[in-house]
Amino acid sequence: MAEGKPLSDEDQVKDIIARANRIPVWSLPTAFLAIIGIGYFFTFYDISDIGLAMPAIAQQFHIGTSLSLFIALSIGLIGYGIGSYIIGSIADIYGRYRSMILTMGLTALGSFGDAISVNVPELTIFRFITGLGLGADLNLVSSYVSEFAPPAMRGKITVYTFLIGILGQAITPFVGLSLVPVYYNGWRYLFGIGAVIAFIALILRFELPESPRWLAAKAHNLEKARKVLDMMEATAMKKVGKLPDPKPEEVVLEEQKFPTLYLFRRPYSTRLGLLVVMWFFWYIGNYAFLGDSAAILSSAGFSISSSILYLAVGAIGYPVGAVIMIFSADRFERKHVIFADTVVWFIGLMLFSFKVSAFIFAGSFLASMALGMYLQVAYTYTAENYPTRARSSGFALTDGIGHVGGAFGALFLPVLVASFSFAFGFRFIAITGLIAGILAMLGPKTSSRTLEAISA
């Protein structure tokens, strides 16, 4: 290249990606991980609180089991799928930052509305709004963190944010136990606490920067991408000193088009199909266990307090699983870790199925630990498999369609238990979780590879 000749857009994008890939540490303020994690905290708090609140809501609103399940699970999941895809597409077109503000605003509004609902239609509307934000936020956080984290630490960094979030799932049963059976409006207080957490997370998110990879991939705001990278490099140099020289990689500037269209070309179409089926089988057991276990235990002769207590004690496994992943997510190939997580899930649900108190405690702990191990590693793996131009859309489509399995499992598990037995129902969801792990083994390797190399 002749001296003084301006760099082409493609060369500028290559330079930006190379600068991002050479940073070996988390290069944003450490507090930003906590800010992202608080949003995750609300997400997992809300996933758990609806199942704990619905028995009291059903009594006060005089609704039957079928409608209760529909409101608790199906409406939220419908919003989840729609919000994940629409806002995920917005994130690929207009940016991660704006979309992450939008998602947390929706979840704060929805949770506040849940708390003040006075009838079934109001609760249904606000559960849908909550679902819109919730589904999109899980998608965006994984994509956002993946685009900032260095290749060799991508799994560990995403687990750090997840660890803060998964505490929400561990703490919620204890909060629910202290409120729902004790106070007439305990379920309202449970939702109200969630609304406060979401509002705090919303305010804090205004501090976050836009993803330089997204800015570069869109090739329309390269100057802003360089400013974010300047800040990242300065932060990294305070930690490790001089950075290695950038090594430009091949980057193709494709025509601007709707993000989803990128997903219907190889290799992304194959990955999309595999990951959709993987998440479908995982969510069958995930939502069945989280949404139905308390009610099924209660129907099996255990008191409501005892049923919640089994799950509350077992929920200690969520952060334990996340901590294990801090040391495992990058040390081993990601898809192998996912498979190992589903083996733990299988063992836990098989123990749970014996319906003996000691086994229920142990099984609940292992199943919860498996959830804490699986979720963020599998979220990271899913986000890694798609290109920056369509990462949020790809994750959203995968996760959104996969959640059909969640709706199926949550509605079908009580039918299996009623038609066959308690043991048959929980062994069924043990097997579906293991199938998800087997499917993950068919995917590409991603650990310690740059996002550009994975998506090539």
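Me: What is the relative accessible area of K355?

Reply: The relative accessible area of K355 is 37%, so K355 is partly exposed. Buried means under 20% relative accessible area, exposed means over 50%, and partly exposed is in between, with a 1.4 Å probe and protein chains only.

Me: What kind of model is this?

Reply: It is a predicted model, in which local features need pLDDT of at least 70 and side-chain atom pairs count only at pLDDT 80 or more, while totals for chains, interfaces and linings use all residues. Residues are numbered from 1 along each chain as its sequence is written, and side-chain values use heavy atoms, with hydrogens and water left out.

Me: Back to K355. Where does it lie?

Reply: K355 is in the loop between α13 (334-352) and α14. Helices are DSSP runs of H or I with at least four residues, strands are runs of E with at least two, and both are numbered from the N terminus. The phi of K355 is near 60 degrees, which is positive in a residue other than glycine.

Me: And S448, what is its phi?

Reply: S448 is not a glycine, yet its phi is positive, about 65 degrees. S448 sits in the loop between α16 (422-440) and α17 (451-455). Its relative accessibility is 46%, so S448 counts as partly exposed.

Me: Which residues does a cis peptide bond join?

Reply: R266 and P267, with an omega of about 5 degrees. P267 is in the loop between α9 (222-240) and α10 (268-299).

Me: New topic. How many helices and strands are in the chain?

Reply: The chain has 17 helices and 0 strands. Its C-alpha atoms fill a box of roughly 80 × 40 × 40 Å along the principal axes.

Me: Is R205 buried or exposed?

Reply: R205 counts as buried, because its relative accessibility is 1%. R205 is in helix α7 (residues 186-205). Leaving aside neighbours within four places in sequence, its contacts include I35, Y97, M100 and D137; contact means heavy atoms within 4.5 Å. R205 and M100 are 105 residues apart in sequence, but their C-alpha atoms are 7.6 Å apart in space.

Me: What about G37, what does it touch?

Reply: Not counting residues up to four places away in sequence, G37 touches T161, I164 and G165. G37 lies in helix α2 (residues 30-61) and counts as buried, because its relative accessibility is 0%.

Me: Now helix pairs. At what angle do α13 and α16 pack?

Reply: At about 175 degrees, with their axes 8 Å apart. Axes are lines fitted to C-alpha atoms, for helices over the stretch in contact, and angles run from 0 to 180 degrees between N-to-C directions. α13 and α16 are therefore roughly antiparallel. Angles under 35 degrees count as roughly parallel, over 145 as roughly antiparallel, 65 to 115 as roughly perpendicular and the rest as oblique.

Me: Which residues make the contact?

Reply: Among them are I338, F339 and W345 of α13 and F426, I429 and L434 of α16. By class, the contact of α13 with α16 has 16 nonpolar, 3 polar and 2 charged residues. Ala, Val, Leu, Ile, Met, Phe, Trp, Tyr, Cys and Pro count as nonpolar, Asp, Glu, Lys and Arg as charged, and the others, Gly among them, as polar.

Me: How do α12 and α14 pack, at what angle?

Reply: Helix α12 (residues 317-328) and helix α14 (residues 357-384) pack at about 45 degrees, with their axes 7 Å apart. That makes α12 oblique to α14. By class, this contact has 10 nonpolar, 4 polar and no charged residues.

Me: Is the crossing of α12 and α14 left-handed or right-handed?

Reply: Right-handed. A crossing is right-handed if the near helix is turned clockwise from the far one by less than a right angle, and left-handed if anticlockwise.
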